[in-house]
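Please keep the sequence and the 3D view at hand while reading.

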Amino acid sequence: MAEYGPHNRTDPASTDVSTRLTETFHQHFGSPDAGILIHAPGRVNLIGEHTDYNGLPVFPMAIRHGISVVSRARSDSIIRLINTDPDFEPLEFEISGVIPPYPTGHWGNYVKAAAQVLHREHGITRGFDGVLHGEVPAAAGLSSSSAVVVASGLTLLEHGETPADRMQLMDDFAGAEAYVGTRGGGMDQAISLGAKPGSACRIDFAPLRLRHVAIPDGWTFVVASSLVPAEKSGARQAVYNQRTEECRRALKLAGRGLVGIPPGTYPELMKGRSVEELLALAERSLADPLVRRFRHVVTETDRVSQAVEAMYQDTPSWFGRLMVGSHESLRDDYEVSCPELDELVDISMAAGAFGARLTGAGFGGCIVALTSADSAAAVLSALADSYYASRLDQAPSGQELFIAAPSGGASRTTL
Ligand code: GLA
């Protein structure tokens with residue numbers, strides 16, 4: 001099975017990671033001969049935040065940091081999976097159509113989510129012994145949890161010898177996360193499966209479509225962690241789900257303000273209507289805070305289209321202005337920022353970035369800043385001095401502050 005991209009072999013797990021995984025596998029399960037290594041990347045979303053679950057476009061890129069799983073098939077339906085991080089306890093469970101979850105917040109629920117959906121949709125029954133290693137900082141808003149779903153799901157499909165269409169899997173894995181109680185969109189799973197090295201990707205959801213845009217030479221994306229955890233399945237899940245619900249209500253109420261049959265989705269509502277018309281509609285039909293949530297969704301969607309154009313035209317100053325607009329909208333209208341993220345954005349801008357914004361769901365996690373190749377060093381050192389020096393005992397590691405390399409989608413290697 002190679003539907004999810006042998007062309008992406010330029011970005012498999014690093015040799016160090018694969019050696020470490022193979023050694024750990026050996027200690028627990030014996031020889032990994034005839035086993036496989038699956039790598040699923042995390043992502044940084046460049047623009048288009050809190051739009052995916054409204055069926056509206058996003059513009060992320062995959063990063064080198066990802067989740068890697070070394071595994072060997074079993075002859076029964078049991079999954080045994082060790083995490084190289086000792087803070088995450090080993091898993092053992094049986095694949096079925098109704099898998100009882102671990103307690104809320106348990107990392108194993110992302111593996112169970114993949115197993116349950118693949119059993120239901122693709123008849124997968126064959127288990128595996130495996131070791132998982134995460135290079136994506138957990139709870140940093142860089143999609144570590146979706147990369148776990150993708151990596152463990154692809155592992156199951158490989159051992160089940162079940163070919164599956166990549167686009168179908170994007171949908172299956174996005175739906176799978178309902179298992180952990182998140183009413184999210186499909187951005188993270190789509191980019192982890194579908195990214196191309198050196199490119200960002202505009203993803204549309206109605207219908208699902210990926211358009212790769214080569215990142216121009218010199219465009220440098222710096223990622224900086226606020227050190228405030230943003231766990232998708234943790235305490236912030238309730239706020240995330242509340243936003244999705246607010247968007248649904250806003251759509252319904254705004255639709256009532258129109259003549260004719262009310263549109264059932266945001267893409268239907270927005271089709272053929274300008275941003276100005278939509279904002280006027282919101283003013284007429286919505287009260288606070290729904291009017292602000294709606295304004296974010298509409299203006300952010302417009303910023304995504306503009307940002308794609310700005311990248312095609314190699315105009316980083318335009319792209320940067322859109323990022324700042326996105327951050328302000330997320331902070332003021334969508335209310336998902338926090339003082340630490342705002343501070344990181346301010347430091348990056350003062351140090352010469354073209355633009356900066358929170359990335360991912362918000363409430364903590366990371367920011368992404370766009371700089372020129374020349375000014376990246378100044379932005380990195382300003383962040384190190386002004387943000388991390390007072391918060392960390394040592395210089396920030398490559399998990400906290402790094403230049404994101406636009407990477408390929410999930411890949412497979414035979415051991
Ligand atoms: C999380 C979700 C994504 C998306 C972002 C916000 O990362 O997993 O689907 O909704 O939040 O843009």
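Predicted model: local features only at pLDDT ≥ 70, side-chain atom pairs only at ≥ 80, totals over all residues.

An open sheet is formed by six strands in the order E4-E3-E5-E2-E1-E12, and the pairing within it is mixed. At its edges lie strand E4 (91–94) and strand E12 (411–414), each of which pairs on one side only. Direction ignored, neighbouring strands of this sheet are turned against each other by 25° on average.

Within the sheet, strand E1 (residues 36–47) and strand E2 (residues 59–73) run antiparallel and are joined by ten bridges. For orientation along this pair, Arg43 can be located opposite Ala62 in E2.

## Helices on the sheet

Helix H2 lies across strand E3 (78–83) and E4, and runs at about 25° to E4. Helix H5 (residues 187–194) also packs on the sheet, where it touches E1 and E2, and the direction of H5 makes about 125° with that of E1.

## Helix H2 against helix H4

Two packed helices are described by the angle between their axes and the distance between the axes. For helix H2 (residues 108–122) and helix H4 (residues 166–176), the axes come within 9 Å and cross at roughly 130°, which means that H2 is oblique to H4. The crossing of H2 and H4 is right-handed.

On the H2 side, the contact is made by Ala113, Val117, Leu118, Glu121 and His122, while H4 contributes Gln168, Leu169, Asp172, Phe173 and Ala176. Sorted by class, the residues in this contact of H2 with H4 comprise six nonpolar, two polar and two charged.

## Helix H3 against helix H5

Helix H5, already described as packing on the sheet, has a helix partner as well: the axes of helix H3 (residues 144–159) and H5 come within 9 Å, crossing at roughly 50°. H3 is therefore oblique to H5, and the crossing of H3 and H5 is right-handed.

Which residues make the contact between H3 and H5? From H3 these are Ser146, Val150 and Leu154, and from H5 they are Asp188, Gln189, Ser192 and Leu193. The contact of H3 with H5 has three nonpolar and three polar residues, together with one charged residue.

Terms used:
Residues numbered from 1 in each chain as written. Heavy atoms only, no water. Axes fitted to C-alpha atoms, helices over the stretch in contact; angles between N-to-C directions. Helix = DSSP H or I, 4+ residues; strand = E, 2+ residues; numbered from the N terminus. Parallel < 35°, antiparallel > 145°, perpendicular 65-115°, else oblique. Left-handed = near helix turned anticlockwise from the far one by under 90°. Contact = heavy atoms within 4.5 Å. Nonpolar A, V, L, I, M, F, W, Y, C, P; charged D, E, K, R; others polar. Pairing = 2+ DSSP bridges.
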